[in-house]
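Student: I have a chain to go through and want to know what stands behind each label. Can we take the labels one by one?

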Amino acid sequence: MKNTLPETGAFYARDRAWQPPALTPLYKTSVTRSPQRAMLSLDGTKTEITGPVFGHNILGELDNDLIRNYARPGEMPIGQRILVHGRVLDERGKGVGGALVEFWQANAGGRYRHKKEMYLAAVDPNFGGVGRTITDEDGYYWFKTIKPGPYPWMNWVNDWRPAHIHFSVFGHGFAQRLITQMYFEGDPLIWKCPIVKTIPDEAAIRQLIAPLDMNATIPMDMRAYKFDIVLRGRRSTFFENRKEGN
Ligand SMILES: [Fe+2]
């Protein structure tokens, strides 16, 4: 069951039946990350809610094209070309314009371009795996990328992450940053993932799975996946950095 509390005021109480508990030992690092003592409730301050703000002039021309933004001249990354698109919505289903949406992901082989990456899959010299965009007045966003591959990680023996794209959404102040992950329809690894399994509500998990959207496919070019992000309210997307409430 999702939040049945009244939707009043600027913030909502945490729904503990829907949000994962802080301590989920099958997701090993939750053991050291989870609070050891009772939590205190603090009100947000004006500074946290109103600033600092980002400027809209920060975006580069290729920031929402991960196929080209790190590719060498005349080259392209290897993998399945996809369009990811959707809307950032408020608790009433209204589009949120002017939100900074950032995304990062592994390449087609499941490999991040990171010094500490330990997976033996190859780095793609033409793929950086990071980008960003700003929603239009209807809350709509889109970007082009390569479908990421699943990858193994150091948790319990032979745990694999399903293919996923990490998302960050900024509102008008840095304290409003929300982080989540998008999965792909039909991936059998979703239901085996220890991180996904920390979410107790199946509907909350399904909200993180982007369906294949053949209506937005570009013929002879790329398939499309649709991912709407709901910032708050009963239909809120699960945000992994918002476990403490509001
Ligand atoms: Fe990841």
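Student: What makes β1 and β4 a pair of strands?

Tutor: Pairing takes at least two bridges between two strands. In this predicted model, seven bridges join β1 to β4. So the two strands pair, by the cut-off of at least two bridges. They run antiparallel. As one of the contacts between them, I82 has T145 in β4 as its bridge partner.

Student: Which strand pairs with β1 in the parallel sense over four bridges?

Tutor: That is β10. I82 takes part here too: its bridge partner in β10 is R223.

Student: How do you know that β1 and β11 pair?

Tutor: Two bridges join them, and they run parallel. The cut-off is at least two, so β1 and β11 count as a pair. V88 stands opposite I229 in β11.

Student: Why can strands pair in either sense?

Tutor: Strands of a sheet pair through backbone hydrogen bonds, either parallel or antiparallel.

Student: What is the strand order in the open sheet of five strands?

Tutor: The order is β3-β2-β7-β8-β9, and the pairing is mixed.

Student: Why are β3 and β9 called edge strands?

Tutor: Each pairs on one side only. β3 covers 130-134 and β9 covers 209-210. Elsewhere in that order, β2 and β7 pair in the antiparallel sense over six bridges. F103 has F167 as its bridge partner in β7.

Student: Which residues touch the most other members of the largest nonpolar core?

Tutor: V88, V101 and I229 do, in a core of 37 residues. Several strands each supply at least two residues of this core, among them β1 (81-89), β2 (100-105) and β4 (140-146). β7 (164-170) and β8 (178-184) are also on that list, as are β10 (223-226) and β11 (229-230).

Student: What is I229 in contact with, leaving aside its neighbours within four places in sequence?

Tutor: Its contacts are G86, V88, L89, F167, V169, T180 and T237.

Student: Is R161 buried or exposed?

Tutor: Count the C-beta neighbours inside 10 Å: R161 has 23. Buried takes 20 or more. Therefore R161 counts as buried. R161 is in strand β6 (residues 159-161). Leaving aside neighbours within four places in sequence, its contacts are P150, Y151, W153 and C193. Take Y151: it is ten residues from R161 in sequence, and the C-alpha atoms are 5.4 Å apart.

Student: Is R206 buried or exposed?

Tutor: R206 has 12 C-beta neighbours inside 10 Å. Exposed takes 12 or fewer. So R206 counts as exposed. R206 is in helix α3 (residues 202-206). Y183 is 23 residues from R206 in sequence, with 9.0 Å from C-alpha to C-alpha.

Student: What share of the chain is buried?

Tutor: Buried residues make up 27% of the 246 residues.

Student: How many helices and strands does the chain have?

Tutor: Three helices and eleven strands. Along the sequence the pattern is α-α-β-β-β-β-β-β-β-β-α-β-β-β.

Student: Which residues does the UniProt annotation "domain: Intradiol ring-cleavage dioxygenases" cover?

Tutor: The record, an unreviewed entry, places it at residues 84-112. Over that stretch the chain is 0% helix and 41% strand. The end C-alpha atoms are 19 Å apart.

Note on methods:
Residues are numbered from 1 along each chain as its sequence is written. This is a predicted model: local features need pLDDT of at least 70, side-chain atom pairs count only at pLDDT 80 or more; totals for chains, interfaces and linings use all residues. UniProt positions are given in the numbering used here, feature names are shortened, and annotations may be inferred rather than shown by experiment. Two residues are in contact if their C-beta atoms, placed from the backbone, lie within 7 Å. A nonpolar core is a set of buried Ala, Val, Leu, Ile, Met, Phe, Trp, Tyr and Cys residues joined through C-beta atoms within 7 Å.
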